[in-house]
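Please read it beside the sequence and structure shown here.

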Amino acid sequence: MKEIFKVFRKNLKDMDKTLFFIGFILFVFGLLNIVTASSREAVVRYETGLYFYFFQQLKMLIIGFIGFLVIINIPTKKYYKLINFGYMVCLCLTIYLSFVGEDTKGAQNWINIMGFTFQPSEVSKIVIIVFLARLFEKWSKRLRKRIDK
């Protein structure tokens, strides 16, 4: 357990503090905007509590922060081993979406798996960023040679 905390401390020490602080401010600002923008709708339209959407968003932010702490401790070279699998999963989810996706406001872009609804495009964004980073790293020498000519 001590080793895990050492790794966390090292990563937090090496982290760009300005970027982390700006991200934190944006999270707080977003939460406050959700309270002001959706509190009336939550009460009037859905007959839920005033802070229903606030707590939903806060829950997702906490889950995302835990995911951030896990991901930041994985060396980036390990991503490259998993990226082809992630790319295939995203491709399969997109194909699955065209047949079984739920229709919301005229767009068939939601998948419901075991009560959990999500958009495959959100997962695909991350996979595409890592996939392109791997390609650019792999072909960077050739690209630089062409630019220098």
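In this predicted model, 19 residues line the largest pocket, and Ile71, Glu122, Val123, Ile126 and Val127 are those nearest its centre. A pocket here is an open set of points on a 1 Å grid over the protein atoms alone, where a 1.4 Å probe fits, with protein on both sides within 12 Å along at least five of seven lines, and lining residues have an atom within 4 Å of a point. The model is predicted, and local features need pLDDT of at least 70, side-chain atom pairs count only at pLDDT 80 or more, and totals for chains, interfaces and linings use all residues. Residues are numbered from 1 along each chain as its sequence is written, and side-chain values use heavy atoms, with hydrogens and water left out.

**Largest pocket**
- Two or more lining residues come from each of α3 (52-72), α4 (76-100), β3 (116-118) and α5 (120-148), where helices (H or I, at least four residues) and strands (E, at least two) are DSSP runs numbered from the N terminus.
- The largest share of this lining, six residues, is contributed by α4.
- The volume of the largest pocket is about 760 Å³, taken as the space filled by probe spheres set on grid points that are joined across faces, edges and corners.
- Its lining comprises 15 nonpolar, three polar and one charged residues, with Ala, Val, Leu, Ile, Met, Phe, Trp, Tyr, Cys and Pro counted as nonpolar, Asp, Glu, Lys and Arg as charged, and the others, Gly among them, as polar.

**Second largest pocket**
- The second largest pocket has a volume of about 500 Å³, and of its 19 lining residues Phe20, Phe27, Gly64, Phe65 and Phe68 are the closest to its centre.
- The elements that give two or more residues to this lining are α2 (17-44) and α3, with α3 giving the most, 10 residues.

**Helix α4 and its cysteines**
- α4 bends by about 45 degrees at leucine 82, the bend being the angle between axes fitted to the seven residues ending there and the seven starting there.
- Ile83, Gly86, Cys90, Leu93 and Leu97 of α4 are buried, that is, under 20% relative accessible area, against over 50% for exposed and in between for partly exposed (1.4 Å probe, protein chains only).
- Cysteine 90 counts as buried because its relative accessibility is 7%, whereas cysteine 92, at 49%, is partly exposed.
- The sulfur of cysteine 90 lies 9.4 Å from the closest cysteine sulfur, that of cysteine 92, which is too far for a bond, and the count of disulfides (pairs of cysteine sulfur atoms within 2.5 Å) is zero.
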